Amino acid sequence: MFGLDAFMLARIQFAFTVSFHIIFPAITIGLATYLAVLEGLWLKTHNKDYKTLYLFWSKIFAINFGMGVVSGLVMAYQFGTHWSGFSRFAGSITGPLLTYEVLTAFFLEAGFLGVMLFGWKKVGREIHFFATCMVALGTIISTFWILASNSWMHTPQGHEIVNGQVIPVDWFKVIFNPSFPYRLAHMTVSAFLSSALFVSASAAWHLLRGNETNAIRKMFSMSLWMLLLVAPIQAFIGDLHGLNTLEYQPEKIAAIEGHWDNSNGKPTPLILFGLPNMDTEQTDYAIELPVLGSLILKHSLTEPIPALKDFPKDERPNSTVIFWSFRIMVGLGLLMILQGVLGLILRRNEQVYRSPAFLKLSLFMGPSGLIAILAGWFTTEIGRQPWVVYGLMKTKDAVSTHGDLTMSVSLITFFVVYSLVFGFGYFYMIRQIQKGPVDNDHLSNHTTDTISGRI
């Protein structure tokens, strides 16, 4: 297929399914916490707008939760069908970690999800709020275990290799490996940011159409406060994550920076724009800011960062891809900070709700959090190549034995099925968002029928 062998087709298929899947958990993690906050505010203030928003966003949450579960199951099967070499080598680590995720997070979410969605007339207010909080907690616990598994693949420790297989000897070191705290914080905050942008775009869409109810104004205001608070925090976490990556995966940082050679002994510039060329081993058309690369990554005006030529050719990540995926992520992050600051400035005289330019910006920025997550994910995973378990197993040794035709048919089938199933789910979710939160005093009497009838 397109001149690609089974190995590359397997990589593309897994990247395709991961890219589809990661969008849904990102939204559910943020929305679950948002729902807990909304219900808590409603219980404290008795302001019906908070309950109106809760009932509205719980529908969107349920749709995303369902699609996330389905897309996640497919990925789990692919470890055996497409990456059996990896499963044989590292299954004793990744298997238990993913099992812990199911036994703790998924069971917790599934156990309380029914109460959260359909229990308004079945249980008391406090019990219902507790169920919402448990679902929110479950999403965080799920993130914990998934990121522990993925982080171990980047910075493995706490194991021994016996007869060609990884054997865990210290689970604390396995879970709390060097990159885990940074990845967990970065991904969790990314989910909160994505949800805030998603909510603000939904509110902006209604405000642009003159639907300026109290509930929609609160929805817009809360999302902008979240953006103002969290976007700068994410930038700080990203900087810490970069320093950690420089220590444990220096070739990834060299590829991200498009930095090839330290033979001149000069400090490393920051390349704003360029086209890294893996064949000629240089970054073409580079626009540089002198010394800034060393200052950011080494906190030094003289010490250079590692260069790609310091590493063997067969162990260099594809700088052409991650150079730009990283800059897409950072560029969108800066726009998020700008949006939060502009929202703060426009709160004077409530212009934040009436400025067409700002509302259009908020609408435009709606998918930016998810795009940034995908760009960051590509940077992380492509930057780990050619390793599937960094320093221990190369990706080419992890793939199952399949023919090119088999993988081509499999990839096409996935593309068609995913486009239909999740395309329909996405369309349905957008239709629900377009309806908006309904300010109705009797919503609480009809919540169960409404949610169960539409999902």
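This dialogue goes through some features of a predicted model.

Me: What is the mean pLDDT of the protein, and where does pLDDT stay under 50?

Reply: Where pLDDT is low, the predicted coordinates should not be read in detail. Here the mean is 88, and 96% of the residues reach 70 or more. Residues 441-455 stay under 50, and the model has 26 contacts beyond four places in sequence for them.

Me: Which residues of helix H11 are buried, and why do they line one face?

Reply: Buried means under 20% relative accessible area. In H11 (residues 356-364), Phe358, Leu359 and Ser362 are buried. Seen down the helix axis, they fall within an arc of 100 degrees, so they line one face of H11. They pack against helices H6 (180-208), H7 (214-248) and H10 (319-345). On the face turned away from the buried side, Ala357, Lys360 and Phe364 are exposed.

Me: How do strands S3 and S4 run, and how many bridges join them?

Reply: In a regular strand the side chains alternate between the two faces of the sheet. S3 (residues 270-277) and S4 (residues 282-289) run antiparallel, joined by 6 bridges. One of the bridge partners is Thr283 in S4, paired with Pro276. The two strands form a hairpin with 4 residues between them, and Glu281 in the turn has a positive phi of about 60 degrees.

Me: Is Tyr285 buried or exposed, and what is its phi?

Reply: Exposed means over 50% relative accessible area. Tyr285 has 63% relative accessibility, so it counts as exposed. This residue of strand S4 has a positive phi near 55 degrees, though it is not a glycine.

Me: Which residues does the cis peptide bond join?

Reply: The bond joins Gln385 and Pro386, with omega about 15 degrees. Pro386 is in the loop between helix H12 (368-384) and strand S5 (387-389).

Technical notes:
Residues numbered from 1 in each chain as written. Predicted model: local features only at pLDDT ≥ 70, side-chain atom pairs only at ≥ 80, totals over all residues. Heavy atoms only, no water. Pairing = 2+ DSSP bridges. pLDDT = per-residue confidence, 0-100. Contact = heavy atoms within 4.5 Å. Buried < 20%, exposed > 50% of the residue type's maximum accessible area, 1.4 Å probe, protein only. Arc of directions from axis to C-beta.
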